Amino acid sequence: MAILPIVQLGDPILRTPSIQVRHFDRKLGRLLDDLTDTMRDAPGVGLAANQVGRPDRVCVIEIEGRHLELVNPVLVRTHGTQTDLEGCLSVAGFYGPTARALDAVVTAQDRRGRPIRVSGHGFLARALQHELDHLEGLLYLDHLESLDALQRVGPDGELEDV
Ligand code: CO
């Protein structure tokens, strides 16, 4: 397991749609382990593979005591709306008021290729949408009406990056 450097805004891989995973092998397991290590070290509560320079359609989330490994995730249902400050480990030091669905349902595969389904509400729903955006080459910045809405929050801020 390893802590990897997190790619920052401006690197083209953050704007590149991820590639479907087809091999559920030890290499995939190692990538998922490294993503979790890197996320926890940052610290953050979500991380997508392209944020560590990897093209694979994979992300991890750790919120409300749940550790999720999502391989080939698809957003299958959303409901309601919420707007709250959102931050990203690849846009260090900034937060923006980002509109998201209040509830989100995602289907994916686990590290062995078995189908899984995750229902999220509130912050978990926000994190699911944020990570799935990463895998499409999108950032929360793309949802802001204006970059003027960005705020800086110091290291003592209680906000968690995804
Ligand atoms: Co992010």
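Is Gly-137 buried or exposed? Let's start there, and keep in mind that what we're looking at is a predicted model. Gly-137 comes out at 5% relative accessibility, so we call it buried.

Where does Gly-137 sit? In the loop that runs between α2 (123-135) and β8 (151-152). Now, who touches it? If you skip the residues within four places in sequence, the contacts of Gly-137 are Leu-14, Arg-15, Thr-16 and Pro-17. And one distance, for orientation: Ala-99 is 38 residues away along the chain, and its C-alpha is 18 Å from that of Gly-137.

Okay, next up, helix α1. That one covers residues 26-41, so to speak, with 16 residues in total. From first C-alpha to last, α1 reaches 22 Å, which is close to the 22 Å you'd expect at 1.5 Å a residue. Quite a few names turn up on its buried list, among them Leu-28, Leu-31, Leu-32 and Leu-35. Asp-34 and Asp-37 of α1 are buried too. So what lies over those buried residues of α1? The cover includes three strands: β1 (46-48), β2 (58-63) and β3 (66-79).

Note on methods. Residues numbered from 1 in each chain as written. Predicted model: local features only at pLDDT ≥ 70, side-chain atom pairs only at ≥ 80, totals over all residues. Heavy atoms only, no water. Helix = DSSP H or I, 4+ residues; strand = E, 2+ residues; numbered from the N terminus. Buried < 20%, exposed > 50% of the residue type's maximum accessible area, 1.4 Å probe, protein only. Contact = heavy atoms within 4.5 Å. Expected span 1.5 Å × (residues − 1).
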